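Me: I would like to go through the spaces in this protein and what surrounds them, beginning with the ligand. Please look at the structure first.

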Amino acid sequence: MPPTRRRFLSAALVGLTAKAERRVAGGFVLDSFAQGHQIRERAARAPATRQEKHAIVIVGGGMAGLSAGWQLQRKGFRDFVVVEMESSAGGNSRWGENEVSRYPWAAHYVPAPNRESKLVRELFLELGLMDAAGRLEERHLCHSPQERLFLHGRWQEGLEPAIGAGSADRKQYERFAGRMAELRAGGQFTIPMALGARPSPLDSLNMEQWLEREGFPSPYLRWYVDYSCRDDFGAGSRDTSAWAGIHYFASREHEEHGPLTWPEGNGWILERLAAKLQPHLRCGAAVHRMEKRGSGYAVQAGDCEYRAAAVIFAAPEFLLPYVMEGVPPSRVRYSPWLVANLTLDRWPREKGLEPAWDNVIYGSRSLGYVVATHQSLRSQVPRTVWTYYWALAEGSPEANRRALLERDWGHWRDVILADLERAHPDIGQCVSRVDIFRMGHAMARPEPGFLSRVLAPRREQGVILANSDQSGFSIFEEAQYRGVMAAEAALRRI
Ligand SMILES: Cc1cc2nc3c(=O)[nH]c(=O)nc-3n(C[C@H](O)[C@H](O)[C@H](O)COP(=O)(O)OP(=O)(O)OC[C@H]3O[C@@H](n4cnc5c(N)ncnc54)[C@H](O)[C@@H]3O)c2cc1C
């Protein structure tokens, strides 16, 4: 670990006591621990009182499950349902709204799609986000300034550390960018990943070992890579397979535009998909049992038993053994995350640069915050909402999950405000509300060795797995691809 980062981290660990200077309202929101634990413990349930028969049942209405439904609809197929545990669909793409703005609860952007991301292009065309010539709709492209970094006591433009970086660091940035371009040209770092991925020795190293091996000691570059791994995978560079770490940088074509973002984040896409699938959605129904019956399946959820010829399981893979007898435990490890939406009655004072869409604090354990009102076209936005992201990447996911459950809301509020105070000393006087979403199993972690698992997909009693964790890491494009592929497989099956 580079010394600069160690110094910043220890400062982060000891300085967590700042208290809000005015009364701050809020609490935990969207908690689903209790439901999850009931499923895990196979709690006794009242028997189903009704039955529905469909050709295909999709379990889980996140982006993957909804994309499976979208594909079935596009094929003119109507005999399916999407069974979702929560009261609304969306999973990690859900969003909220208050009197100030809409805001995301997790996923908040989609980069401009690559040429090979054919399905994303088709969806974007259908939703009016792209025209037939491939031009993205300006209104939904992230406005400037897009990103800023708080480093050595002030804000700088962009996330690549510039203040304090010497010529040796800058040379390494350039060489790193060159290596990523070479690796991209090799053709194995694609989006969706399944189009290019093949067994690779890079998967036996972690990203930090790869940086060491390639001669990249710059602490600023190391920070930037670690930040990027935490941002996309919820795991630091020491816990991320070098293949996945490289994928983050090498899989995207050079972007002239982008990313696409909305106040409610990817909830914008979700809302439109869910509207198309409305007659097929069964929300508020947690699947707690699935079994093979003859040539089909029986799926128990809430008061209903669904009978189907094929099942697409788009809920996270680790849940499958808890609902289906005889399925071995999943080998996927998940990162816990915390997302908070902070309502600000006024903007904090700024040092130098104006707020960007994405605002990151160098050396923080968090990933900083995204401004929900950034895309607003109004010239004055007196109040705002910040979405604060924190992948609990240090220590074990199990210990961090326990901490998420055990610590109360006041603890997390104070930790969040103390973190932000480093860049915004008057934040405590600006915030009126902090709502916190704790996510125990937020996303799959692509640890070293993940690729061999992903390249040998599981076949569990004929159930078709579709969650983005089938790619080993979770982004919109992977969720969509896995959902669409699962729909194709289900259609072949029936
Ligand atoms: C904090 C955070 C920020 C992110 N930001 C971005 C971003 O900016 N851009 C991006 O591209 N990606 C982002 N992601 C990744 C995001 O996970 C994917 O984009 C995508 O939303 C994943 O969709 P999914 O369907 O694979 O999984 P999920 O969203 O996890 O969906 C699974 C669904 O299954 C349901 N379910 C679970 N158990 C049951 C059950 N027993 N019965 C019925 N239903 C059940 C869940 O409620 C959920 O709706 C982020 C993720 C997190 C955690």
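Me: Which element gives the most to the shell around the ligand?
Reply: This is a predicted model, in which 38 residues surround the ligand, the closest being E84, N92, S468, S474 and F476. Two or more residues of that shell come from each of α3 (63-74), β14 (334-344), β18 (431-444) and α14 (476-493). The element that gives the most, with three residues, is β18.

Me: How many charged residues does the shell around the ligand have?
Reply: The shell draws at least three residues from domain 1 and at least three from domain 2. Divided by class, the shell has 25 nonpolar and 11 polar residues, and the number of charged residues is two.

Me: Which element gives the most to the lining of the second largest pocket?
Reply: This pocket holds about 380 Å³ of space, and of its 17 lining residues the closest to the centre are P457, R459, I464, L465 and R482. By class, the lining has 10 nonpolar, two polar and five charged residues. At least two lining residues come from β19 (464-465) and at least two from α14, but the element that gives the most, with seven, is α14.

Me: What is the volume of the largest cavity?
Reply: The structure holds two cavities of 30 Å³ or more. The largest is lined by E317, V332, R453, V454, A456, P457, R458, D469 and Q470, a lining with four nonpolar, one polar and four charged residues. The volume of this largest cavity is about 70 Å³.

Me: How many charged residues are in the lining of the second largest cavity?
Reply: The second largest cavity, with a volume of about 40 Å³, has a lining that includes H108, W262, W357 and Q375. Its lining residues divide into seven nonpolar and four polar, and the number of charged ones is none.

Definitions and conventions:
Residues are numbered from 1 along each chain as its sequence is written. This is a predicted model: local features need pLDDT of at least 70, side-chain atom pairs count only at pLDDT 80 or more; totals for chains, interfaces and linings use all residues. Side-chain values use heavy atoms; hydrogens and water are left out. A residue is near a molecule or strand if one of its heavy atoms lies within 4 Å of it. Helices (H or I, at least four residues) and strands (E, at least two) are DSSP runs, numbered from the N terminus. Ala, Val, Leu, Ile, Met, Phe, Trp, Tyr, Cys and Pro count as nonpolar, Asp, Glu, Lys and Arg as charged, and the others, Gly among them, as polar. Domain bounds come from an automatic or database domain assignment. On a 1 Å grid over the protein atoms alone, a cavity is a set of points where a 1.4 Å probe fits but cannot get out, and a pocket is an open set with protein on both sides within 12 Å along at least five of seven lines; lining residues have an atom within 4 Å of a point. Grid points are joined across faces, edges and corners, and a volume is the space filled by probe spheres set on the points.
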